Number of protein chains: 2
Amino acid sequence: MATTTRTTDRGTAYFPQLAAERLDIALCRASAAVARAADLHAAGEGLGVGQHLVLQMLDAVGPCSQQTLSEELRIDRSVMVGICDDLEQAGHVRRERNPRDRRSYAVTITDSGRRRLAEAQALIPAFLEDTFQALTPAERGQLSAILAKLLQAGASSPR
Amino acid sequence: MATTTRTTDRGTAYFPQLAAERLDIALCRASAAVARAADLHAAGEGLGVGQHLVLQMLDAVGPCSQQTLSEELRIDRSVMVGICDDLEQAGHVRRERNPRDRRSYAVTITDSGRRRLAEAQALIPAFLEDTFQALTPAERGQLSAILAKLLQAGASSPR
DNA sequence: TGCAAATCATCTGCTGTCAAACAGTCTGCG
DNA sequence: CGCAGACTGTTTGACAGCAGATGATTTGCA
């Protein structure tokens with residue numbers, strides 16, 4: 001029961017008040033905590049979050065150019081290079097020049113990649129359950145819907 | 001009407017589906033977009049987000065050590081150093097050694113800092129309204145409550 | 001055809017953040 | 001007192017993310 005409560009027990013904590021006033025800060029801090037958990041999970045599993053997403057998308061929609069992967073997964077182009085490098089080196093992905101447009105690659109998932117994806121995919125539900133266990137199913141649905149609206153709105157103005 | 005719709009108009013976009021399946025990814029991407037907007041707003045205003053938060057907390061709870069500021073604002077200690085440096089150099093904050101414990105500082109907001117805070121604070125409601133305009137007031141309330149639960153839960157396990 | 005503009009992947013440099021190490025200071029116990 | 005251990009602020013090194021430039025290739029148009 002001796003949890004590490006440093007400033008929390010010193011009367012009133014300031015952070016909850018801040019989170020209530022500043023929705024943007026609350027969102028960022030919660031996201032940071034979740035991202036931390038995801039990275040930790042991914043590190044323990046051995047497959048990076050970005051790599052997992054790339055394999056998942058390739059498996060779902062077929063061969064893609066790195067550009068398409070970048071745009072749909074919201075991962076920067078220059079970061080996608082490294083992700084594909086790693087996946088290719090591990091044999092989970094093939095990079096072939098698209099014969100129709102030889103500027104672009106046709107990134108294709110291999111059988112090895114599909115097996116690796118299945119392994120990683122199997123652990124995702126437990127990870128999500130663990131990370132969002134504080135929320136009821138109804139709240140998770142609300143959160144999902146709200147984020148979808150935010151993301152859809154944010155997709156038009158910034159670019 | 002020639003908006004930049006690159007892959008979005010190419011049949012079906014993959015991102016919405018991903019966001020629906022992976023609540024963690026949706027949260028991170030939405031947070032990144034909001035953080036981007038906040039940084040942009042802060043840059044235009046001339047006061048960094050972290051600096052703003054520090055001034056706000058100092059004004060609300062009185063002089064603090066950098067450690068307390070770090071913990072309550074969820075900003076890393078090593079980042080807090082730079083924030084306080086900048087604020088001190090701008091004259092918005094004074095750093096005096098705490099005579100009771102000379103390891104720590106007693107960071108105090110100055111009158112200049114209070115005036116600067118008031119300026120920045122006045123622009124926050126419009127920024128929030130603009131950033132979360134896609135959400136109804138009810139949705140904003142839901143989001144706030146959900147994030148509060150997530151943050152409260154996440155505050156116990158990671159450390 | 002030939003050439004300018006656009007596009008794809010890549011590389012480089014910069015910024016912001018985090019982890020770990022470090023120096024100065026305090027506390028507790030012999 | 002004297003010293004080991006813990007705490008505060010700072011510095012350093014590593015790394016992700018992003019903007020911009022580059023080389024290879026395609027496309028559009030004269």
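Modeller: Two residues are in contact if their C-beta atoms, placed from the backbone, lie within 7 Å. The model is predicted, so to read it note that local features need pLDDT of at least 70, side-chain atom pairs count only at pLDDT 80 or more, and totals for chains, interfaces and linings use all residues. Residues are numbered from 1 along each chain as its sequence is written, while chains are lettered from A and ligands numbered from 1 in the order in which they are written.

Biologist: Which residues does G91(A) touch, not counting residues up to four places away in sequence?

Modeller: With those neighbours set aside, G91(A) touches T110(A) and S112(A). Helices (H or I, at least four residues) and strands (E, at least two) are DSSP runs, numbered from the N terminus. On that numbering, G91(A) lies in the loop between α5 and β1 (93-97) of chain A. From G91(A) to R103(A) there are 12 residues in sequence and 22 Å in space, C-alpha to C-alpha.

Biologist: Is G91(A) buried or exposed?

Modeller: A residue is buried if 20 or more other C-beta atoms lie within 10 Å of its own, exposed if 12 or fewer, and partly exposed in between. G91(A) has 12 other C-beta atoms within 10 Å and is therefore exposed.

Biologist: What span does helix α2 of chain B reach?

Modeller: The expected span of a helix is 1.5 Å times one less than its number of residues. Helix α2 (residues 23-45) of chain B has 23 residues and reaches 33 Å from first to last C-alpha, close to the expected 33 Å. Its buried residues include I25(B), L27(B), R29(B), V34(B) and H41(B). After α2(B) comes G46(B), with a positive phi near 100°.

Biologist: What rotation superposes chain A on chain B?

Modeller: Copies are superposed by least squares on the C-alpha atoms of residues with pLDDT of at least 70 in both. Here a rotation of 180°, with 0.0 Å of shift along its axis, brings chain A onto chain B at an RMSD of 0.2 Å. That is the relation of a two-fold axis.

Biologist: How many residues does each chain give to the contact?

Modeller: Chain A gives 51 residues and chain B gives 51 residues. On the side of chain A that touches chain B, 30 residues are nonpolar, 10 polar and 11 charged. Here Ala, Val, Leu, Ile, Met, Phe, Trp, Tyr, Cys and Pro count as nonpolar, Asp, Glu, Lys and Arg as charged, and the others, Gly among them, as polar. The copies meet through the same surface, because 100% of the interface residues of chain A are also interface residues in chain B.

Biologist: How many residues surround DNA strand D, and which are the closest?

Modeller: A residue is near a strand if its C-beta atom, placed from the backbone, lies within 6 Å of it. DNA strand D is surrounded by 17 residues, the closest being D76(A), S65(B), Q67(B), S78(B) and S104(B). α5(B) gives the most to this surface, with 4 residues. For DNA strand C, the 17 surrounding residues have S65(A), Q67(A), S78(A), S104(A) and R102(B) as the closest, and α5(A) supplies the largest share, 4 residues.
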